[in-house]
Amino acid sequence: MTDFSTLLLRAHAGFLAALVLAPLVPGIINRTKAVFAGRQGPPLLQLYYDLFKLLRKGTVYSGTTSWVFRIAPIVSLTAAIGALMIIPCAGASPAIISFQGDIILFAYLFGISRFFTVAAALDTGSSFEGMGASREVLYAALAEPAFLIALSALACLNNRISITGIFIASTENPFANIAVILLTAVTLAIVLLTENCRIPADDPNTHLELTMIHEVMVLDYSGPDFAYILYGSSLKLWAFASLLAAVILPVRTGSFMLDSIVFIFGIFAIAAAVGVIESIMARFRLDKIPKMLIAAAALSVTALILTLMRG
Amino acid sequence: MNAADTIMIFLILTNLSLLASSRFNACIKIVALQGVIVGLLPLIAANGPLTIYSYLLALLIVTVKGILFPYLLKHTLRSVNVRREIEPFIGYGASIIIGVLALIVSFWLTTHIPFHDKILSTTAPAVAFFTIFCGLFIIVSRVQALTQVMGYIVFENGIYIFGSALLIEQSFLVELGIILDVFVVVFIMGITMFHISRAFDHIDTDRLREK
């Protein structure tokens, strides 16, 4: 049994790795899309360059905005960092913060971040951003039950109600119930795509009025504020991808380094898979997305029922 | 997690996807897939040595439900002038939600029914009820005659799952009789639909009074 200080050190190492490596994930997605399209694509480290560039610039605030608009990027970045603190880096070691029921905190930290992003979008007084905010809230409201039910299925399956507990229990008993794991993995993948504004729910590339959901809400940000938003969204992508990686890749070799490397490569593989999905699929029509989310919720309910039936 | 349980989950997923799809072609494929899975069920369920009759029965059911029904349905689809269910009485999102509720009810129901120990899998009776509910729900909630026929086939699949789940000693003759009945029903419905579409230009059972 490893002692407390080692565990604490490992938890912090995993957390730092997530903070440093998270901007690589969008880079991998874009690179995969470029390879599929036969382009060279932006460099893998593009988001780092963008972040440094934005941090050096000044900000411009519109005259109609209030303090809500100014604190929103900081709140959403803080929420994302807070969520990463609950997530262990790999199944072998606990996270920095872990307590009973932190799965709910995880879901609602992103809820807070979304609330402030939406409030800030409404604060700008632009009808365009209001439309994006409305869509974002609609999809979030439908994605939330799917996500929470999938998490409760995992919690029931592993008899733990903390994320660290779920991670560790699933590596101790990998693929205890393959059907439940598959169902929750599909649900989590759909929620990941929706929450992180990827195709088929939202197209992160377009700046067209008809297709934009998330991009439109952050149009008014500039400079460091925009950097916080970009960094926060890459952290969010990392958090959801690590949840999915823990479900489909419960590896435990015994060595912390090896586990972490496998886990991080798992996250990169998920990013590549997201890139493949974005390359081979078209964005769904707006009215089809609620259907997809309801179907995801149905899958997670099925998973929950199957776990409960098993006792 | 045994093979039977995995198959049961596939059956749940086919039912849910049937509730969500509006295109006839997709529905026919799902129903065919479900028929094949259901047909293979007795082979997996058998705990003793398989007799020649079980193989014959499986072969017969897979042929009828996996090849013959899709062929008949597609043939009917070509003769009628519709490609998809346009406005069902209950929308697709609501259908999935009702499907999930039906799944919960079926699992709840099976906890209240005493089964003997020789049961294929603990989830099987619930999935059988769920399939029966889905079939009945499709019959009452969809407007087009073609989807209603598919609902009937799904309903029959559910009854068949129930039989094989409880490992009821299947008499070859009885099964043969049932499959003949279902076949005749689908066949006659195909002819009926052809005539409905000739007389009305649609197979919308809700609008049979207007010309």
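Q: In chain B, where is confidence lowest and where is it highest?
A: In chain B, confidence is lowest in H7(B), with a mean of 83, and highest in H5(B), with 93. The confidence here is pLDDT, the predictor's value for each residue on a scale from 0 to 100. Helices are DSSP runs of H or I with at least four residues, strands are runs of E with at least two, and both are numbered from the N terminus.

Q: What are the ground rules for the model and its labels?
A: The model is predicted: local features need pLDDT of at least 70, side-chain atom pairs count only at pLDDT 80 or more, and totals for chains, interfaces and linings use all residues. Residues are numbered from 1 along each chain as its sequence is written, while chains are lettered from A and ligands numbered from 1 in the order in which they are written.

Q: What are the mean pLDDT values of the chains?
A: Chain A has a mean pLDDT of 88, with 95% of its residues at 70 or more. For chain B the mean is 84, and 92% of the residues reach 70 or more.

Q: Moving on to the fold: how many helices and strands are in chain A?
A: Chain A contains 12 helices and 0 strands. Its radius of gyration is 19 Å, close to the 19 Å that the globule rule gives for 311 residues, so chain A is as compact as a globular protein of that length. The radius is taken over C-alpha atoms, and the rule is 2.2 Å times the number of residues to the power 0.38. Along the principal axes, the C-alpha atoms of chain A fill a box of roughly 55 × 45 × 40 Å.

Q: What about chain B, how many helices and strands?
A: Chain B has 7 helices and 0 strands. A compact globule of 211 residues would have a radius of gyration near 17 Å, and the 17 Å of chain B agrees. The C-alpha trace of chain B spans about 55 × 35 × 25 Å along its principal axes.

Q: How much of chain A is buried?
A: Buried residues account for 51% of the 311 residues in chain A. A residue is buried if 20 or more other C-beta atoms lie within 10 Å of its own, exposed if 12 or fewer do, and partly exposed in between, with C-beta atoms placed from the backbone. In chain B, 41% of the 211 residues count as buried.

Q: How many residues does the largest nonpolar core have?
A: The largest nonpolar core has 159 residues, and those with the most contacts inside it include Trp238(A), Ala241(A) and Val31(B). Such a core is a set of buried Ala, Val, Leu, Ile, Met, Phe, Trp, Tyr and Cys residues joined through C-beta atoms within 7 Å.

Q: What does Ala241(A) touch?
A: Not counting residues up to four places away in sequence, Ala241(A) touches Val25(A), Leu192(A), Ile267(A), Ile270(A) and Ala271(A). Two residues are in contact if their C-beta atoms, placed from the backbone, lie within 7 Å.

Q: Last topic: how many residues of chain A are in contact with chain B?
A: There, 12 residues of chain A are in contact with 18 residues of chain B. H12(A) gives the most to the side of chain A that touches chain B, with 9 residues.
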